[in-house]
Amino acid sequence: AVQLRGRDFIGLVDYAPEEIQYLIELAVELKRKHKAGEAYQPLKGKTLGMIFEKSSTRTRVSFEVGMYQLGGHALFLSKNDLQIGRGESIHDTAQTLSRYLDGIMIRTFAHRTVIELARAATVPVINGLTDLSHPCQALADYQTIYEKKGRLQGLKVAYIGDGNNMVHSLLMGAAKLGVNFAVATPEGYEPDEEVLRQCKESAAKAGATIYVGADPKEAVADADVIYTDVWASMGFEAEQKEREIAFKNYQVNDELVKYAKKDFLFMHCLPAHRGEEVSEGVIDGPNSVIFDQAENRLHAQKAVMAAIL
Ligand code: CP
Ligand code: NVA
């Protein structure tokens, strides 16, 4: 049986395919229980601290509600109000918080901040988004695809747009779960090379393919899922104008989705910019599952917390 108690959840790279599969199955089961009104409170008396260095709607609310539903308690900690905002080290913060809390979730800029926090903390640390990755979102997204399509292995996901944190985690999830993945980005906005190398290694083991190119039509060809994300992520707002130019041929719209399978799913982690990375017709159309994804953040993260805390 899969045993994850005490583990950090920093990247899907650290999880074996069967562990990710286990978390998805658990998420589906916790969702069923919740909808049936069956209480499941394995985290009674436990507390999760949530450090935020960036804005959040979904992550903040789904973690707080999820912890409550599991019988525990969550604390919202804004970086500006913590002493880290005044220069206290990550190390001392991690050591101190570990004396009070049973787990720490952190949303921050530099990925190494999470690594440093996890090294110094004596309780599990969860990555709530960094500039490198967003594993909670990817886990919820593969749960969503699994629920909608009834399987994962052998499907094709196409990602159009910025080679950012989101595509890194989606790629890693695909590589571990045997999902074929195609990325189309403008030149200069490709996914990180080291992440790609790791993903290709895992994909080879799972018998899945990874394609990275510049042509959205080629990426979308025969896809089961089309995914996109904002052109300028948090921290890149100053590049908005130049990115609008670089990405202008990378909008997911009615013309592009014609190349996908008829029953494709449109996915977006949200928040979205309608009229930029995706047309209104597609994001609000019949193939869009964006709010199922948002909902599954709750169930997927409950699975992570129930498993590791
Ligand atoms: N998708 C996501 O992480 O949303 P928030 O930024 O609102 O948490
Ligand atoms: N790539 C986006 C995801 C937001 C959930 C960002 O980092 O801003």
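**View 1. Val 183 meets its bridge partner, Val 212, in strand 7.** What you see here is a predicted model, in which local features need pLDDT of at least 70 and side-chain atom pairs count only at pLDDT 80 or more, while totals for chains, interfaces and linings use all residues. Residues are numbered from 1 along each chain as its sequence is written, with chains lettered from A and ligands numbered from 1 in the order in which they are written. Strand 6 (residues 180-184) and strand 7 run parallel and are joined by four bridges. Helix 6 (residues 165-177) packs on the sheet, where it touches strand 5 (156-160), strand 6, strand 7 and strand 8 (225-228), and its direction makes about 165 degrees with that of strand 5. A contact here puts the C-beta atoms of two residues, placed from the backbone, within 7 Å. Helices (H or I, at least four residues) and strands (E, at least two) are DSSP runs, numbered from the N terminus.

**View 2. Five strands make an open sheet in the order 7-6-5-8-9, with parallel pairing.** Strand 7 (210-213) and strand 9 (265-268) stand at the edges with a single partner strand each, so one side of each has no neighbour in the sheet. From one strand to the next, the twist averages 15 degrees. Strands pair if DSSP finds at least two bridges between them; axes are lines fitted to C-alpha atoms, for helices over the stretch in contact, and angles run from 0 to 180 degrees between N-to-C directions.

**View 3. Another open sheet has four strands in the order 2-1-3-4, with parallel pairing.** Its edges are strand 2 (73-78) and strand 4 (125-127), each pairing on one side only. Neighbouring strands of this sheet are turned against each other by 20 degrees on average, direction ignored. Helix 4 (residues 111-120) packs on the sheet and touches strand 3 (103-107) and strand 4, its direction making about 170 degrees with that of strand 4. Look also at strand 1 (residues 47-52), which runs parallel to strand 2 and is joined to strand 2 by six bridges. Leu 48 stands opposite Ala 74 in strand 2.

**View 4. The protein divides into domain 1 (12-133 + 296-308) and domain 2 (137-294).** These bounds come from an automatic or database domain assignment. Taken over C-alpha atoms, the centres of the two domains are separated by 24 Å. Domain 1 brings 21 residues to the contact and domain 2 brings 24 residues. On the side of domain 1 that touches domain 2, helix 1 (17-35) and helix 12 (290-308) each supply at least two residues. Helix 1 gives the most to that side, with six residues.

**View 5. Ligand 1 lies between the domains, because both domain 1 and domain 2 give residues to the shell around ligand 1.** Around ligand 1 are Ser 56, Thr 57, Arg 58, Thr 59, Leu 129, Gln 137, Cys 269 and Leu 270. Such a residue has its C-beta atom, placed from the backbone, within 6 Å of the molecule. By class, this shell has three nonpolar, four polar and one charged residues. Ala, Val, Leu, Ile, Met, Phe, Trp, Tyr, Cys and Pro count as nonpolar, Asp, Glu, Lys and Arg as charged, and the others, Gly among them, as polar.

**View 6. Ligand 2 is surrounded by residues including Asn 164, Asn 165, Met 166 and Asp 229.** Also around ligand 2 are Leu 129, Val 230, Ser 233, Met 234 and Cys 269. The shell around ligand 2 divides into five nonpolar, three polar and one charged residues.
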